[in-house]
Amino acid sequence: MSRALPTIRAGMLYHAQSLDQPIAVGSAAWRQWLAAAESRSFRFEHPRGSFTARREQINDGVYWYAYRKIAGKLRKTYLGKAENLTLDRLEVAATTLDPSSLRSNPRDLSSKQAPANFDRSALMATKLIPPPVRAHRVTRARLLNQLDTALQRPLTLVLALAGAGKTTLVSEWVQSLAQPVAWVSLDAHDNDPPRFWSYVATALGAVAPEIEPTALRPLHTAPDTIVAALAQALAATKANIVLILDDYHTIAEPSIHTTIALLLTHMIPRLHIVLASRTDPPLPLPRLRARGQLLEIGAAALRFTPDEAATFLDEMMAAPLSEDDVQFLTERTEGWITGLHLAALALGPQGDHVAVPTFSGNHRYVLDYLADEVLLQQPAWVQTFLLRTAIVDRLSAPLCAALLHDEAQQSFAQPEVRPKTAAAMLDWIERANLFLAPIDTERRWYRYHALFTDFLRARLHAIAPETVPELHRRASMWYEQHGFTAQAIDHAIAAAAWERAVALIVDVAQPLIIRGEVAMLLGWLDMLPAVALQGNVRLNLLYAWALVVVNQVNDLDARLYALETMIGPDAEAALFGEVAAIRSVQAAIRGDFGQAIAWAQPALEQLPPTNIYRSTLGLIVGATHEWQGDIAAAARCYIDAGRDSRRVGNTIVDVGASCSLATLYIIQGEFRAAAAEYHAAIRRATDAAGQPLPAAGIAFIELGELHYLWNDLPAAQAAVEQGLALIEAWADPDLLALGYTMLARIRLAQGGVAEANGLLDTAAQLRAKVQASLNGTSLQAEQVRWWLHTGESVAAGQWAQQFEREVDHAIQPLRAPEYLALVRVYLAQAKLRAAQQWLDRLLPWAETGGRRYLVVDLLVLQALVAAAGGNTRRALAALQRALALAGAERPIRIFVDAGPPIVPLLHKLRALQRRRQESGTIPLDYLNALLAVFPPAMVEVEAVQSPVAVGMIEPLSVREQEVLHLMAAGLGNRAIADKLVIAPSTVKRHLLNIYRKLDAHSRVEALHRARALQLVI
């Protein structure tokens, strides 16, 4: 009598030795039972079906496999080593071997119909789903066992040429994992960083519910910011997450490689990255290898062994090949799975043994084989289907049916042999292994192998070039009918169907412009030939508006001249009005407000009230009043422009009006009113799904600046990063530069000096692309602030000299940020008289004009200048007045960004307040909040310090003053580094600068000199 097979039911193992005391799967007793020599197999029972698990010896390792007979054929799947036999893995195997998950009977294919409705998100969602594991596959235990160690390292690299089985291997491994897996299938279109990180963020959020979607929005910005945001988001989950980036070789964008390298360098806990690539990625692989942090599975490992090749070919062919034939093909293909696949196709299902010796594994020969021995060996109706459907990147049954409309009537004439529908045809081709793979679990979308796609397209152009435009035209029509307008335009352009492309572009251009989605629109317009633009007034007007939105004002001149020539003297007045409006905006962006108003007047006369662009002129008139210093008149214009833009649905002007009005509130020191205006603009600038449009990007960035003023740095960073992500689709380099500059200031306040430097470099690169800018003064002032912070006094001094030579005598409101920067430079250079002269000019002007925010900023500088000159009484008076003007709005960074020199003044003010307890004075909690931002060692200093002491070789930078104060408090290098959140090596560099500037040679000597100069107590 045979012994009963040990059986697992409901997670418990029952066997002959312990029927009354079953063993829990995963327990120590379970591990002990598996290790016993007599434990060679067991049965696993599950609602999806049962299977038998067997232990097998392969080379020097012991592995477990699951077996189940389905439709008379024995199927198997890999379980892993004994330590991997968890209940989760056993249940995954039961699901994998479930008959319902396998393909339906081939005879039922002709009855399949295309789905009636399409989910428009399905096309993109397929990028985030691991490809289904094929039935004809060879389970490669040696490689799966290697991959099981991936969780012990930050990076796993599966590297081999195309068709080597990288994706298949990783897909099969994923099925056996208990850990959450985020999968992204990449292609060349993903070299756009926002798109790339959007896919990564979506994939991670899908497998880790603990990660809030809002926490993933920062993944669109600078590399250091992405790493920090991703680390913070992953901190919410306790699971090990595997991030798989398939076809990583398609990524060529340097910033993406930089960010991946930073992720690996920082070794974010619980994140394990797997890259499948054809080429070595530009990552720090040597360093990772040296540290044992890299698992590599290369081409040599992926090559099929003769045993694996025999199993593969046996699955592919009805008649098995001889051992000698298998050995020959394995050697000829060098174990390349695609070569074996092609060989099996070429030999046919019965296996043409005579042809085996003639098959070559040379790569170029295999590509030739695709044409001569694979494509041409297929029936004509298969060839036609393959060639004509290869023009699209992703295939669906309805799309294929549209591409082959005429062939469907002629080629499918023998229903007993040929599939009747496109859905059945796709399934037939997949079953025939003709390089077609499903990219979703429902098998609604497919794609050809990339090499096969390239081959088919080249073949089609060579043998039937006359069909290519018509196929693209059909694809364009299908995409348009199903709501994929972008793809419809792409294929219309590929078909050189210029009239169709122009009609589609004109239909969507205005909505794209008023939402701020201009990057894609300009890409299409730039691909149109000149002949498509000639004589088309509407298209050229849209082109001009798109250029205005992205500040490409210099490129407008030729287009506007051509427009005026096209319109002619007898055209509608509204056309002349629209051209005048564009010229008005162009002049305003260039800062020529006199010319802007001159063009705005005829535009307002000629444009009807219903014109969607008329409200733009309200912004121009308002900006002119602001430039002239009339804040009240500017506010009225912005309010009217916002109302008019909402009436006609012009979102970008609506947001612009709100942001301009909010700026006026900030100028007047009404920060809360400004924040409310930004939030209102963001609420209005949303799509039907409630997601913010690109037009909302500027509101997010300026809202981030407000949060920065209140020292809510996390909220500031989140807002600016979301704004940057939105403006990427806007494609305005000026706004992007503004956002990166603001983000640099935030990161600097958080202690990220290196990150801030990188962000400012990015902003500078973007500024080089800007043809004209109203934000130029703010960006330049921020650059000067950075020079002063890093001690680059020469660069700051040169800028100040140039500014003094160029600036007009009359004060210009738009240059206020540069005036402040100039005073800061003079203060750093100890040119106190020059600084005071500018303050004496600026303060009365700011007070008279109601610019309370600027007055506060100027008073802070007044306090620093007075303190540097030894006039403590005047310094305290100026600072007390600044704090009083700040009032209930309670900004923080205006005072904190003044640096260490303001600490003694704040400390003394607090001491005075405590002693006097006078009514109407500065609240103690406000002073405490300001001092709490500084390191405690600085707050303890009670004497007023001069930021620049007489007798110094060179003034200390802000950071050097911070280091000096901490050193005086007794902190060592490591403690200083921790306090300032910088590297110890950076502290050493600052100390060397301090020694040089104080003419000292040691810490003791430097402190002695600093006390003598009254820099510290």
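## Two helix pairs to work through

Helix α36 (residues 753–767) packs against helix α37 (residues 776–789) at an angle of about 145°, and their axes lie 12 Å apart. This is a predicted model, so let's work from its computed geometry.

**Exercise 1.** Work out which residues of α36 and α37 make the contact, and how they split by class.

*Solution.* 
- Start with the crossing: α36 passes α37 in a left-handed one.
- Next, pick out the α36 side: Val 753, Ala 756, Asn 757, Leu 760 and Arg 767.
- Facing them on α37 you'll find Gly 776, Leu 779, Gln 780 and Trp 786.
- Now sort them: the contact of α36 with α37 has 5 nonpolar, 3 polar and 1 charged residues.

**Exercise 2.** Find how the axes of α26 and α27 run relative to each other, and say which residues make the contact.

*Solution.* 
- The axes of helix α26 (residues 556–567) and helix α27 (residues 573–589) come within 11 Å and cross at roughly 165°.
- Angles over 145 degrees count as roughly antiparallel, so α26 is roughly antiparallel to α27.
- The crossing of α26 past α27 is left-handed.
- From α26, the contact takes in Leu 556, Asp 557, Leu 560, Tyr 561, Leu 563, Glu 564 and Ile 567.
- From α27 come Leu 575, Phe 576, Val 579, Ile 582, Arg 583 and Gln 586.
- By class, that's 9 nonpolar, 1 polar and 3 charged residues.

Methods: Residues numbered from 1 in each chain as written. Predicted model: local features only at pLDDT ≥ 70, side-chain atom pairs only at ≥ 80, totals over all residues. Heavy atoms only, no water. Axes fitted to C-alpha atoms, helices over the stretch in contact; angles between N-to-C directions. Helix = DSSP H or I, 4+ residues; strand = E, 2+ residues; numbered from the N terminus. Parallel < 35°, antiparallel > 145°, perpendicular 65-115°, else oblique. Left-handed = near helix turned anticlockwise from the far one by under 90°. Contact = heavy atoms within 4.5 Å. Nonpolar A, V, L, I, M, F, W, Y, C, P; charged D, E, K, R; others polar.
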